[in-house]
Amino acid sequence: MADPTSDFLTRHIELLRLSTRMCQIRYPFEIGDGVALPDRMHVIWTLPPGDDNYLVRWQSIRSTFARHVPLQGHHTATMAIWQRRVWNRRILTQADLAECRSLIYDAPVQAGLVEQSSDWPYSTTSQAYMRDRSGGSALLHVIEGGR
């Protein structure tokens, strides 16, 4: 369930990072650019050549996160953490890539979280992230979550 007032993802950012790293071990992919906002994530992934199964990766991240997140108050294990749909866009050109990177870079500012994107701690922008391109196909993903 997407709750725009939730800080669920950033409150549990270390579990989100660990869930992502565990998925990368089982189902390899590179993260080009990314940002975790309180209630959603925007990421650019590059999958290995010949592999376009991004859905299994999201299912792995989402299920690992959901199994290990601490329950609070009246929440139960059956309550939805994630919105059912993952929005994705195949990146085919340099212009597409630039547009997607701009979306990621500007997301914390657009959400009213910071005045400068580089001030948001949950972004590859703020971490001076360096990419190693594997030659696979790049995809932009937006996934929403929260409680």
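Here is a short chat about the fold, the aromatic pairs and a helix contact in this predicted model.

Me: What percentage of the residues count as buried?

Reply: The protein has 147 residues, and 42% of them count as buried.

Me: What about contacts between residues at least 6 apart in sequence: what share join residues at least 24 apart?

Reply: That share is 74% in this protein.

Me: Let's turn to rings. How many aromatic pairs does a search of the whole structure find?

Reply: The search finds four. One of them is Phe 29 with Trp 45, a tilted pair with 4.3 Å from centre to centre and 40° between the planes.

Me: Which parts does that pair tie together?

Reply: Phe 29 sits in the loop between α2 (13-26) and β1 (30-36), while Trp 45 belongs to strand β2 (residues 40-46), so the pair links parts that are 16 residues apart in sequence.

Me: Buried or exposed, those two?

Reply: Phe 29 is buried, at 5% relative accessible area. Trp 45 is buried as well, with a relative accessibility of 1%.

Me: Which aromatic pair do Trp 45 and Trp 58 form, stacked or tilted?

Reply: Trp 45 and Trp 58 are stacked, with ring centres 4.6 Å apart and 25° between the planes. Trp 45 is in strand β2 and Trp 58 in helix α3 (residues 54-68), so this pair ties together parts 13 residues apart in sequence.

Me: Nice. Which residues do the ring pairs link into a cluster?

Reply: The cluster holds Phe 29, Trp 45 and Trp 58.

Me: Staying with Trp 58, why does it count as buried?

Reply: Its relative accessibility is 1%, and buried means under 20%, so Trp 58 counts as buried.

Me: How far is Trp 58 from Val 86, C-alpha to C-alpha?

Reply: Their C-alpha atoms are separated by 8.2 Å, although the two residues are 28 apart along the chain.

Me: Trp 58 lies in helix α3, so let me switch to helices. At what angle do the axes of α2 and α3 cross?

Reply: They cross at roughly 135°, and the axes come within 9 Å. The two helices are therefore oblique to each other.

Me: Left-handed or right-handed, the crossing of α2 and α3?

Reply: It's a right-handed crossing.

Me: Which residues make the contact?

Reply: From α2 you have Leu 15, Leu 16, Ser 19, Thr 20, Met 22 and Cys 23. On the α3 side there are Arg 57, Ser 60, Ile 61, Thr 64, Phe 65 and His 68.

Me: How do the residues of that contact divide into nonpolar, polar and charged?

Reply: In the contact of α2 with α3, six are nonpolar, five are polar and one is charged.

Me: Last topic, Asp 51. Where is the place of that residue?

Reply: Asp 51 is in the loop between β2 and α3. With a relative accessible area of 23%, Asp 51 is partly exposed.

Me: And how many residues apart in sequence are Asp 51 and Pro 28?

Reply: Asp 51 and Pro 28 are 23 residues apart in sequence, and in space their C-alpha atoms are 9.6 Å apart.

Technical notes:
Residues numbered from 1 in each chain as written. Predicted model: local features only at pLDDT ≥ 70, side-chain atom pairs only at ≥ 80, totals over all residues. Heavy atoms only, no water. Phe/Tyr/Trp six-rings, centres within 6.5 Å; stacked < 30°, edge-to-face > 60°. Helix = DSSP H or I, 4+ residues; strand = E, 2+ residues; numbered from the N terminus. Buried < 20%, exposed > 50% of the residue type's maximum accessible area, 1.4 Å probe, protein only. Axes fitted to C-alpha atoms, helices over the stretch in contact; angles between N-to-C directions. Parallel < 35°, antiparallel > 145°, perpendicular 65-115°, else oblique. Left-handed = near helix turned anticlockwise from the far one by under 90°. Contact = heavy atoms within 4.5 Å. Nonpolar A, V, L, I, M, F, W, Y, C, P; charged D, E, K, R; others polar.
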